[in-house]
Amino acid sequence: MVKVTEVADGIYHIEGEAKTPDTRDYMVSYLVRGQRAALIETGPTNHGPLIEDGLRQLKLDLKELAYIIPTHIHIDHGGGAGWWARKLPDVKIVLHPLGVPHMIDPTRLNASTKMAFGDSFEARYGAIQPVPPGQVHTVSDGESLSLGGRDLQVFFTPGHAPHHISLMDSRTKGLFSGEALGIPMEGSEIPFPACAPPAFDMEQYIATAERLRRLGPSVIFYSHDGVGRDVSRLIDLVEFHTRAYGAIIEGAVKGGESPEQMGNRLKDYVFKTTGKITDYSPEMAVSGFALYFKRKAEKK
Ligand SMILES: [Zn+2]
């Protein structure tokens with residue numbers, strides 16, 4: 001099942017659920033159309049056919065697709081890039097230089113995904129397939145990708161992961177933030193920090209949010225999920241909650257608490273902040289922040 005919505009001039013939000021053996025997984029991609037088109041975020045491999053359905057609804061000739069752009073190589077964003085590369089031999093996969101080796105040879109990426117998502121991840125999402133080196137477009141910070149009639153400008157946005165990029169559309173000043181500006185909690189629209197082990201870095205995350213604020217975006221296109229129009233307030237909120245998470249986990253680490261205790265603190269915080277969300281899963285945030293503070297302590 002896939003649902004396609006035009007969210008700005010020539011920008012389409014593609015959302016769907018993939019039926020898998022043990023779960024139904026949610027994914028969001030964006031299609032940006034100029035004379036040529038770019039797909040931002042592929043979702044994992046098994047979402048490829050679903051997105052293809054969405055593109056068919058838009059009557060897009062797949063030959064128009066010039067670029068496939070994962071904001072970073074985590075499976076829920078770039079896992080399907082190799083699938084698309086194999087399907088469309090002329091398409092370029094746009095990657096941060098630090099992401100390139102892992103997409104050309106995803107052996108380590110598949111292994112780390114197994115660690116994060118469990119042994120069954122290949123059955124659930126499909127294995128990450130390699131991108132042929134000739135189809136990689138390695139970007140630099142500030143580079144513009146022309147689609148004809150509009151450009152996408154690339155910004156390096158570390159914090160969630162060192163190889164994370166965000167993109168600004170020249171026509172609408174819409175910003176594709178990936179996970180750099182948090183994840184609006186479903187049903188509350190309040191963005192909370194997107195922290196993933198092993199490389200989450202709180203200081204970089206906040207510095208990135210400030211950099212993106214200075215670009216003056218008119219709208220935020222989140223990868224998980226939705227469209228944020230009240231930009232400066234949303235950036236204030238994600239910075240505020242990132243610092244709050246940091247203070248909670250730093251205190252809990254010093255107090256020798258278990259990951260479960262830390263998770264309960266974050267769940268309480270999310271519930272108090274939103275007034276309603278009780279099913280928040282804190283595991284990623286706990287391990288992302290705990291590793292960050294551990295690295296910081298080792299540096300001292
Ligand atoms: Zn991620």
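Select helix α7 first, together with what covers its buried residues: β10 (165-169), β11 (174-178), α8 (231-254) and α10 (283-299) are included in that cover. This is a predicted model, in which local features need pLDDT of at least 70 and side-chain atom pairs count only at pLDDT 80 or more, while totals for chains, interfaces and linings use all residues. Residues are numbered from 1 along each chain as its sequence is written. Helices (H or I, at least four residues) and strands (E, at least two) are DSSP runs, numbered from the N terminus.

**Stop 1: helix α7**

Show residues 202-214, the 13 residues of α7. From first C-alpha to last, α7 reaches 19 Å, close to the 18 Å expected at 1.5 Å a residue. The expected span is 1.5 Å times one less than the number of residues.

Now colour Met202, Tyr205, Thr208, Ala209 and Leu212, which are buried. They cover an arc of only 120° around the axis, which puts them on the same side of α7. The arc is that of the directions from the helix axis to the C-beta atoms. On the other side of α7, select Glu203, Glu210 and Arg214, which are exposed. A residue is buried if 20 or more other C-beta atoms lie within 10 Å of its own, exposed if 12 or fewer, and partly exposed in between, with C-beta atoms placed from the backbone.

Following α7 is Gly216, whose phi is positive, near 65°.

**Stop 2: helix α8**

Go on to α8, whose 24 residues should span 34 Å at 1.5 Å a residue; its end C-alpha atoms are 35 Å apart, which agrees. Among the buried residues of α8 are Leu234, Leu237, Tyr245 and Ile249. The buried residues of α8 pack against β13 (191-192), α7, β14 (219-222), β15, α9 (259-274) and α10. Gly256 follows α8, and its phi is positive, near 70°.

**Stop 3: α7 against α8**

Display both helices at once. How are α7 and α8 packed? Their angle is about 170°, and their axes are 10 Å apart. That makes α7 roughly antiparallel to α8. The contact is made by Met202, Tyr205, Ile206, Ala209 and Arg213 of α7 and by Ser232, Ile235, Val238, Glu239, Thr242 and Gly246 of α8. Two residues are in contact if their C-beta atoms, placed from the backbone, lie within 7 Å. Axes are lines fitted to C-alpha atoms, for helices over the stretch in contact, and angles run from 0 to 180 degrees between N-to-C directions. Angles under 35 degrees count as roughly parallel, over 145 as roughly antiparallel, 65 to 115 as roughly perpendicular and the rest as oblique.

**Stop 4: the six-stranded sheet**

Select the open sheet with the strand order β8-β9-β10-β11-β14-β15, where the pairing is mixed. At the edges stand β8 (144-146) and β15 (227-228), each with a single partner strand, so one side of each is left without a neighbour in the sheet. Two strands pair if DSSP finds at least two bridges between them.

Zoom in on β9 (residues 151-156), which five bridges join to β10 in an antiparallel arrangement. Pick Phe156: its bridge partner in β10 is Ile165.

**Stop 5**

Select β4 (residues 37-40), joined to β5 by four bridges, with the two running parallel. Ala38 stands opposite Tyr67 in β5. In β5 (residues 65-69), five of the five residues are buried.

Finish at Leu95, in strand β6 (residues 92-95). Is Leu95 buried or exposed? Leu95 is buried, with 26 other C-beta atoms within 10 Å. Leaving aside neighbours within four places in sequence, Leu95 is in contact with Val100, Met103, Val136, Thr138 and Val139.
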